[in-house]
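Subject: Structure handover

Hi,

Here is the structure I promised to send over. Please open it first; my notes follow below.

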Amino acid sequence: MTSRFLARLAGISLCLLGIPALLLSCSGPQDAKPVMKPPEEQTALINFVASEYSSETRPLLESLVQDFMLKNPSIVINLQVANWDILDGIYTTMISKNQPPDLLNTNVYTHFAKDGLLNDMDEIISPELKRKFYPDLMKLDQWDGKQYAIPYVSSTRNMYYNRDLFESAGISEAPATWSELKKDALKIKNTGKAHGFGVDLSDNEIQAYLSYFFLGAGGGWFRDGNWTINSPENVEGLAFLKDLYDEGLTDPEPTVTTRDEKQRIVGDGKLGMMISGNYFGTVMPREFPNLKWGTGPIPVKDGHKPLLFGVHDNLVSFKTDHTNKEALSAFLDYLYSSPVYEEIIAQEGFLPVTEEAGAKLSAADPMVKQRLAELRKSSFYPIQQPEWQSIMDTARKMGDAVLHDHVSPKEALDELQRYAEKVQKEVHGTE
């Protein structure tokens, strides 16, 4: 593929992404005004599939990609930004056509690594960049002794609530225990103004709410090399969630409305509280500037220790027929550089995954410092298990079964446990 054709491809792909006319002309061939003169040396191509976190994601990434290409005319970034609801389908289709992305922003990686699809990121990232990352997050992205992913953004999960609704219900602070959660949700319901507690058991976030209530009862997904999905603690946690729904203390559509939609319902004053990420405090004021909100811990079973839960998304690099590790390294150095990376974090409301950005943002905002400290002590999804993606996909089918199809929490978790054990044996070749 010639450099002239790749440069032309870059113009077409960026036009399709909707970069403003002031940055790039997307007119016909006769009127085309290329941003950069085609370089003499061979052009490197990076197909970058990124997840859409908010309305700010696309313009932000388009702008930084354009800036990078202006500074690095021998590298073409073909950017595609996709909502999380369709992201899996996009990259799965690309992989099935033997045209995987050179760079993918995702939240899983080990099943790709197990199948031999990924580059070792230690062969791509510069030593300077590697030293920037928090070591604990880098460790989460290591499998079978190799660095198959690198952290991209992180968050902690907490309870967020509408202060006006709390005040009208006579609630002074966020509930810390299950009994307080049930009591406060009933108080909000009894005001007649809103539903009590937002629960997301949709395809979007069911694994998150299961995690909150598994861990809140002292359980969890995986322990000592074994899946523990149907443990008594986990059954108790899911049963508590179902009781809240059956008693009318949750929003009416836990399996339909997603986390982001529920956040807007909180902003509209129709939902009292929900568990979300620290980005709530950045995204919601933009959409609901008059919203008065507060935050508290994830409620746990009475008598149990407080729960800290963290999530981190990562970047992986697939092996392709045009992989250029030097170009990928240059782009990643730029992506995590200051102030580029700090702008991503600030706009999206995430926590940084680099110590440099963490120090800067902590100095400017004590809450960032607190959340980063919590992140160091948090529990995470079992992303280092190659079967996690498949188990998570299967778990997404549980919401309606438990809430509407008269399948008991124990029956649902027993079935998921059997599936997890089966897949684990298949993945590790013990069957």
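H406 sits in the loop between α18 (398-404) and α19 (409-427). Helices here are DSSP runs of H or I with at least four residues, strands are runs of E with at least two, and both are numbered from the N terminus. H406 is not a glycine, yet its phi is positive, about 60 degrees. With a relative accessible area of 76%, H406 is exposed. (Exposed means over 50% relative accessible area, buried under 20%, partly exposed in between, with a 1.4 Å probe and protein chains only.)

Before going on, the ground rules. This is a predicted model, in which local features need pLDDT of at least 70 and side-chain atom pairs count only at pLDDT 80 or more, while totals for chains, interfaces and linings use all residues. Residues are numbered from 1 along each chain as its sequence is written, and side-chain values use heavy atoms, with hydrogens and water left out.

D144 is another non-glycine residue with a positive phi, near 55 degrees. D144 lies in the loop between β4 (142-143) and β5 (146-147). Its relative accessibility is 59%, so D144 counts as exposed. A cis peptide bond joins S338 and P339, with omega about 10 degrees. P339 belongs to the loop between α13 and α14. Why flag these? Most residues other than glycine have a negative phi, and most peptide bonds are trans.

**The largest pocket**

The largest pocket holds about 1,000 Å³ of space. Its lining has 41 residues, and W84, N204, E205, R259 and D260 lie nearest the centre. Elements giving two or more residues to this lining are α3 (84-96), β6 (150-162), α11 (259-267), α12 (280-287), β12 (309-316) and α17 (388-395). The largest share, 5 residues, comes from α11. By class, the lining has 14 nonpolar, 12 polar and 15 charged residues. (Nonpolar is Ala, Val, Leu, Ile, Met, Phe, Trp, Tyr, Cys and Pro; charged is Asp, Glu, Lys and Arg; the others, Gly among them, are polar.)

On method: the search uses a 1 Å grid over the protein atoms alone. A pocket is an open set of points with protein on both sides within 12 Å along at least five of seven lines; a cavity is a set where a 1.4 Å probe fits but cannot get out; lining residues have an atom within 4 Å of a point. Points are joined across faces, edges and corners, and a volume is the space filled by probe spheres set on them.

How many cavities of 30 Å³ or more does the whole structure have? The search finds 1. The largest cavity has a volume of about 50 Å³. It is lined by Y53, T57, L60, L61, Y152, V153, I344 and E348. Elements that give two or more residues to this lining are α2 (57-71), β6 and α14. The largest share, 3 residues, comes from α2. The lining divides into 6 nonpolar, 1 polar and 1 charged residues.

I344 and E348 are also among the buried residues of α14, along with V340, Y341, E342 and I345. The buried residues of α14 pack against α2, β6, α12, α13 (325-335) and α15. Contact means heavy atoms within 4.5 Å. Just after α14, G349 has a positive phi of about 80 degrees.

Helix α8 (residues 178-190) has 13 residues. Its buried residues are W178, L181, D184, A185 and I188. Down the axis of α8 these fall within an arc of 125 degrees, so they line one face. (The arc is that of the directions from the helix axis to the C-beta atoms.) The face turned away carries the exposed residues K183 and N190. Cover for the buried residues of α8 includes β6, α7 (163-168) and α9 (206-216).

In α15 (residues 355-364), A357, G358, L361 and S362 are buried. They too fall within an arc of 125 degrees seen down the axis of α15, so they line one face of the helix. A359, A363 and A364 are exposed on the face turned away. The buried residues of α15 pack against α14 (340-348) and α16 (366-375).

Note on methods:
The expected span of a helix is 1.5 Å times one less than its number of residues.
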